[in-house]
Amino acid sequence: MAPKKKTNTEDYLQMYRQMVRIRAFEDNANQLYLSAKMPGLTHMYSGQEAVAVGICEALEDTDKITSTHRGHGHCVAKGAEFKEMFCELLGKAEGYCRGKGGSMHIADQSHGNLGANAIVGGSMGIATGAAFSAKRLGTKDVAVCFFGDGATAQGLWYEVMNMAALWSLPVIYACENNGYSEYTKTEEIAAGSLTARAQAFGIEAHSVDGQDVLAVNELAQKLVARARKGEGPFFIELKTYRYHGHHVGDINRDYYRSKDEEAEWKITRDPIVNFGKWLEAEGVLSADELVAINDEIKADAKAAVDYALDAAYTPTGEVDMHVFAGVDHALSYV
């Protein structure tokens, strides 16, 4: 299967729109939390949009991804719709997981998103298993495992990298290095080079600017195409930055990172603003067209939030459903 080309206005527009959609979703999710309308915590993906979009735009619908506790961006980038996502966050029946997964367990298997995982590094085995399944079945599908820099301390990663390397599995391990493992700087929890950890297993490793959607997409296109041909696995370190705290309640962050640092990334390294400037400079879109896209997507997100707020909650009788395959109600077997 030939890699998809990203060389025309339509494709650039798609990447820009997807990044704006992620930012709009996160802005609204944050407001739902702050207004006490959403149960539980959530973890904002704002600032890292170029990673999810750059990679997922290189994938086919049948390709699989696994996500993290900071997983809204991956979900949107892989094709999810606003209404179903907001319904899921609010515990509504029309959510992707019937409102049972919420923010940290959202999944959209219709588009190959096998799900977010609240356990740090918890989806590494799932992604590797999906790649193993694709190879055994001969589907030519590729699996991408998204995880943060903090997850590189999990032993599971080393176990699955060993298997993936031995069996040449079509899996790409995408490490979103946003500089912090919760509240601790990456260099204080990760000794040595992250790429060297993958190379120790004979896995080809790359490092890329995670704020540059074109650079991410160009690399992803090449690695996905090679993985389909049996040349995997691969590892990518994507250097990026999260604008919010570790979670929505992490507001006073001065004790572990400065406001000046945050401002520097937002002002000079924002993936959406910088890509918009590039599109304008290249004559792909005008400033007015960029504003119109942003306004349109913001309106779509608001309409989806309003819809989700009025949607019906999942019936309490479903509390023990969808636990075991082929079993309607798990409690009836207790």
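The buried residues of helix H8 are Val213, Val216, Asn217, Leu219, Ala220, Gln221, Leu223, Val224, Ala225, Ala227 and Arg228, where buried denotes under 20% relative accessible area, exposed over 50% and partly exposed in between (1.4 Å probe, protein chains only). The model is predicted, so local features need pLDDT of at least 70 and side-chain atom pairs count only at pLDDT 80 or more, whereas totals for chains, interfaces and linings use all residues. Residues are numbered from 1 along each chain as its sequence is written, and side-chain values use heavy atoms, with hydrogens and water left out.

Helices (H or I, at least four residues) and strands (E, at least two) are DSSP runs, numbered from the N terminus. H8 covers residues 213-228, 16 residues in total, and reaches 22 Å from its first C-alpha to its last, close to the 22 Å expected at 1.5 Å a residue; the expected span is 1.5 Å times one less than the number of residues. Its buried residues pack against helices H1 (9-34), H2 (49-56) and H10 (271-281), and against strands S3 (171-177), S6 (204-209) and S7 (234-239), a contact being heavy atoms within 4.5 Å.

At the start of H8, a side-chain oxygen of aspartate 212 comes to within 3.1 Å of the backbone nitrogen of leucine 214. Just after H8, glycine 230 adopts a positive phi of about 90°.

Across the whole structure, a search finds 17 aromatic pairs. Rings of Phe, Tyr and Trp (its six-membered ring) pair if their centres lie within 6.5 Å; planes under 30 degrees apart count as stacked, over 60 as edge-to-face and the rest as tilted. Two of the pairs are tabulated.

| Pair | Centre distance | Plane angle | Class |
|---|---|---|---|
| Phenylalanine 25 and phenylalanine 86 | 4.2 Å | 25° | stacked |
| Phenylalanine 132 and tryptophan 167 | 5.3 Å | 40° | tilted |

Phenylalanine 25 and phenylalanine 86 are buried. Phenylalanine 132, at 33% relative accessibility, counts as partly exposed, and tryptophan 167 counts as partly exposed at 40%. One aromatic cluster is formed by Phe147, Trp157, Tyr158, Phe201 and Phe235.

Definitions and conventions. Polar contact = N/O pair within 3.5 Å; in protein donor to acceptor, adjacent residues only side chain to side chain.
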